[in-house]
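Subject: Structure for your files, with notes

Hello,

Please find the structure below. My notes come after it.

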Amino acid sequence: MDLAGIKTPAYVIDEKRLRENLEILKDVERRSGAKILLAQKAYSVYQTYPLIADYLTGATASGLFEARLAHEEMHSKTDPSKKIENHVFEPAFESEEMEELCEICDHIVFNSLNQLETHRHIWESAVLAGKVTVGLRINPEYSTQEEHEIYDPCSSGSRLGIRFSEMPDTLPQGVEGLHFHTLCEQGFEPLEETFRAVEEKFAPYFSQIKWINLGGGHHITREGYNIGGLVSLVKYIREKYAIDVYLEPGEAIALDAGYLVTTVMDVVNTERMPVLILDTSAACHMPDVLEMPYRPPLRDSEEPGELNFTYRLSSRTCLAGDIIGDYSFDSEKNIGDRLIFEDMAIYSMVKNNTFNGMPLPDIDILHENGEVEVLKRFGYENFKERL
């Protein structure tokens, strides 16, 4: 990657790594019979959707706008005739949205029986016409996360999904699927545990459905993920219950397939350590750093104190806590130096903002031949239009 030619800050999508992730996921589809969807809430660089559509079954959306994006952009580059599925789930839908969703989506998942019945007069005719299949999101009430309740749909008081105690004896007319989503950046074992909990409670409904969606949060493309276990579980579900199985990872598709390239603008000495002022921001360009929190991987760096020069990395916003983290390097860092944050394709572009009037980073793609192409450049008008 030619850093000298990149205007910073810039997100850079790694086309080669993206394809490698897709090849792993396609192999899971082939071996297990699962249908894998891109969860756009994690990654929505639609310029790469034709590549993704070459490998996967389709996409899933968290609302009308994402559903429209997939409908417009998710088309196979190599096989234009390939049927691409478009799924949507949202805790609550507007009636006007439901009318359009029934035109552009194949699967619609409702979060409650109230929502199902509120919109029945709209979706039922689409189901009878064979245009749409409808499902319900269930809450397994089985948590596999301990650190981040904000990402746990099974936490106490969660609004997400129908609990078993609230389910009717028989699924409402027109419902053909069940959906649960409980994981976040996790391996196979938590999925298996969760499915067994679902099976124990909800198995009586499996004879009434055509499909089940196991949600997202599966780090399938992460090194060490138990792919064999996942394949076996999907095959078990399909064979025992004669239903289709969907997976909707977001992170796994673009895991380690993007960078955020930034430039050192200043070096400020403090009583604790020198601080590098960067032209990027945790608060604006990688919000999960403050929300999770987590320490983003940085190329050619180590933990504080492990190498000769330790710095705190911060931003040019006015937020005192806009701190990316503390890192050490072999060599001293100076104004004008470039730094490369890794694993920046996911939950970055989809969550960034213009607090303080911070410019949004460019979106570039590093092609497999080594060339870097600018996909999108943002300016003042983009900031103004958001206000």
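The notes cover strands, a helix and a pocket, one asparagine, and some backbone details.

This is a predicted model, in which local features need pLDDT of at least 70 and side-chain atom pairs count only at pLDDT 80 or more, while totals for chains, interfaces and linings use all residues. Residues are numbered from 1 along each chain as its sequence is written, and side-chain values use heavy atoms, with hydrogens and water left out.

Strands

Helices (H or I, at least four residues) and strands (E, at least two) are DSSP runs numbered from the N terminus. Buried means under 20% relative accessible area, exposed over 50%, and partly exposed in between (1.4 Å probe, protein chains only). Two strands pair if DSSP finds at least two bridges between them.

Strand E6 (residues 133-137) is largely enclosed by the rest of the structure, because five of its five residues are buried. Thr133, Gly135 and Arg137 cover one side, and Val134 and Leu136 the other. E6 pairs in the parallel sense with E5 over four bridges, where Leu136 is the bridge partner of Phe110. E6 also pairs in the parallel sense with strand E7 (residues 175-179), again over four bridges; there Arg137 has His179 as its bridge partner.

Strand E2 (residues 35-39) has four of its five residues buried, so it too is largely enclosed by the rest of the structure. Two bridges join E2 to strand E9 (residues 244-247) in parallel, with Ile36 opposite Leu247. E2 and strand E3 (residues 58-61) are parallel as well, over three bridges, and Leu38 is partnered by Ala59.

In H4, Met98, Leu101, Cys102 and Ile104 are buried. The buried residues of H4 pack against H3, E4, E5 and helix H6 (120-128), contact meaning heavy atoms within 4.5 Å.

A pocket is an open set of points on a 1 Å grid over the protein atoms alone, where a 1.4 Å probe fits, with protein on both sides within 12 Å along at least five of seven lines; lining residues have an atom within 4 Å of a point. The second largest pocket holds about 190 Å³ of space, a volume being the space filled by probe spheres set on the points. Its lining has 15 residues, and His71, Ile84, Asn86, Ile104 and Asp106 lie nearest its centre. H4 gives the most to this lining, with three residues.

Asn111

Asn111 sits in the loop between strand E5 (107-110) and helix H5 (113-118). At 7% relative accessibility, Asn111 is buried. Polar atoms of its side chain lie 2.9 Å from the backbone oxygen of Arg159 and 2.8 Å from the backbone nitrogen of Gly161. Setting aside residues up to four places away in sequence, the residues that Asn111 touches include Phe89, Pro91 and Arg137.

Backbone details

Most residues other than glycine have a negative phi, and most peptide bonds are trans. A cis peptide bond joins Thr8 and Pro9, with omega about -5°, and another joins Met292 and Pro293, with omega about -10°. Glu141, in the loop between E6 and E7, has a positive phi near 55° and is partly exposed at 41%. Asp343 has a positive phi of about 55° and is buried, with a relative accessible area of 17%.

Regards

How values were computed: Polar contact = N/O pair within 3.5 Å; in protein donor to acceptor, adjacent residues only side chain to side chain.
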